[in-house]
Amino acid sequence: MKKEQLKTPCYVIQEQKIIENLERLKQVKEATGCKILLAQKAFSMYSIYPLIGQYLDGTTASGLYEARLGKEEMKKENHIYAPAYREEEIDEIISYCDHIVFNSFSQLTKYKEKVKQKGKSIGIRINPECSTQEGHAIYDPCAAGSRLGITKANFRPELLEDVEGIHFHTLCEQNSDDLKTTLQAVEEKFGPWLSKMKWINFGGGHHITREDYDIETLITCINEIKEKYHIQIYLEPGEAIALNAGSLFTTVLDIVHNGMEIAILDTSASCHMPDVLEMPYRPPLKDSGKSGEKAYTYRLGAPTCLAGDIIGDYSFDKPLTCGQRLEFLDMAIYTMVKNNTFNGMPLPSIVLERKNGECQIIRTFGYEDFKMRL
C-alpha cells in the first residue's frame, strides 16, 4: 500500500530514517564504548524494537508498564527510574529490570534489600541544580522546587554502600555544549563519589541526530568522564531515535471564515499531538510557510469542541480545498505515547513505511479503543 491510499488520520513512521538515526548513534557507541538505551517515554512503537535492538543496548522505563514492554519486546538491558515506586508494584518491576534508579534515599532504604536479593544494580538520581534550558520550565528537572533527583544539600554519602550507579537527566532537545556545562556541575558537587560507582547515566534530552548537533563534543565528554573515573557511561535518548522519522497525515474536512480562513482537519492537537498545546510549539507542515509568508493563510484546527484545539496558522501557495491531504512532520515522538480519545476522537492508525516505500499498517483503532478506557 502507498501513502496516498492510507485513511487519515494516521502516523507514518519511516523505517529508513529510523535506521539513519540509529547509525548515527552507533557512531557514538563505537567512538566511546558507551551504552545507549531507548527512552520509551518518547517512542514506544514496539513493532520496530527488534530493529532498534540491533543498534542499541536496551530500553529505559519510567514505570511498571514501560518496564514490562521493554522486557517483553526488546529483551536486552532494561533500566527504570521513577520519582517514587508503588509498594505493590516493586517486586514485578525488579523482575523486569536490570538497573533500578531511586529518586531519594528514603526510597533507596525502603527497597534496596529487595533489589539486592535479586542481584540487580542499584542507582540514585542526582540533581546538579544546573539549568541549561530556555523557555520550557515544565521540562526543566533543575528548576527551583523540582522533585526530580537528590540535591547536594540532601546527599547522604553514608547510604551509598549498595549503590552502583549515578543518574542525572537535565536536558531537553539540547546540544552537547549543555551536557558539557552540566557535567562540570556534576563533578563539582558529586565528583568525590563518581569513582566509587560502576556506571553513570547521562540521561536523555541529547538531540544527537539533529543536523547541527556537535557529536565531537559529546564524544569528548563521554571519554573524559570514562577515563577519569573508570566507569561505564549510559545515554538514554528518546527523541534522537525517531527524530524527523514520522509524519501525521490529515485531511481537510471543511473551511470556515471568522476574520480569517479556518481549515478544520480530521486530526486534533489536543488528542493526537498534545505537545502542541502543552509545550507549546508549532509543528512543521510540509509545503507550507508561516502566517502571511505565502499567498493564502489558514488557521488549522480540530473537529473537537475544545475552542483552543488549534494547531497553528500556516500559509500556502494555493488555496486549500476540502478533501485535501496535509502532512505534519516530525510526528513520531511524543505522539503515539501521549495521544488520547477526548471527545470520542478516533486514534490515528500506526503505519510503518518500509525502505522500499511500501506502507505496512501496524495497528488501527476503533470505537472499542475509546470505550474500553471509560
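1. Tyr-111 counts as buried because its relative accessibility is 1%, where buried means under 20% relative accessible area, exposed over 50% and partly exposed in between, with a 1.4 Å probe and protein chains only. Phe-102, at 0% relative accessibility, likewise counts as buried. The structure is a predicted model, in which local features need pLDDT of at least 70, side-chain atom pairs count only at pLDDT 80 or more, and totals for chains, interfaces and linings use all residues. Residues are numbered from 1 along each chain as its sequence is written, and side-chain values use heavy atoms, with hydrogens and water left out.

2. Ten aromatic pairs are found in a search of the whole structure. Such a pair joins rings of Phe, Tyr and Trp (its six-membered ring) with centres within 6.5 Å; planes under 30 degrees apart are stacked, over 60 edge-to-face and the rest tilted. Phe-102 and Tyr-111 make a stacked pair, at 6.4 Å centre to centre and 15° between the planes. The pair of Trp-199 and Tyr-234 is edge-to-face, because the ring planes stand at 90° with the centres 6.1 Å apart. Trp-199 belongs to strand β8 (residues 199-201) and Tyr-234 to strand β9 (residues 232-235), so this pair ties together parts that are 35 residues apart in sequence. Both Trp-199 and Tyr-234 are buried. Elsewhere, ring pairs link Phe-105, Phe-155, Phe-190 and Trp-193 into a cluster.

3. Two arginines lie over tyrosine rings. The criterion is NZ of Lys or CZ of Arg within 6 Å of the ring centre and within 35 degrees of the ring normal. The charged end of Arg-125 is placed over Tyr-81, 4.7 Å from the ring centre. Arg-282 lies over the face of Tyr-314, and here the distance to the ring centre is 3.9 Å.

4. The chain has eleven helices and 16 strands; these are DSSP runs numbered from the N terminus, helices being H or I of at least four residues and strands E of at least two. Its C-alpha trace spans about 65 × 40 × 40 Å along the principal axes. Of the 374 residues, 55% are buried.

5. The largest nonpolar core contains 95 residues; a core is a set of buried Ala, Val, Leu, Ile, Met, Phe, Trp, Tyr and Cys residues joined through side-chain atoms within 4.5 Å. Helix α7 (residues 215-229) gives the most to this core, namely seven residues. Phe-43, Ile-52, Phe-202, Leu-300 and Phe-328 have the most contacts inside the core. Leaving out residues up to four places away in sequence, Phe-43 touches, among others, Ile-13, Ile-52, Ile-241 and Met-336, a contact being heavy atoms within 4.5 Å.

6. Strand β2 (residues 35-39) is largely enclosed by the rest of the structure, because four of its five residues are buried. Strands pair if DSSP finds at least two bridges between them. β2 runs parallel to β9, with two bridges joining them, and Ile-36 stands opposite Leu-235 of β9. β2 also pairs in the parallel sense with strand β3 (residues 58-61), over three bridges; Leu-38 has Thr-59 of β3 as its bridge partner.

7. Met-345 is in the loop between β14 (325-329) and β15 (349-353). With 8% relative accessibility, Met-345 counts as buried. Beyond its neighbours within four places in sequence, its contacts include Asp-266, Cys-271, His-272 and Pro-303. The C-alpha atoms of Met-345 and Gly-53 are separated by 33 Å, and the two residues are 292 residues apart along the chain.
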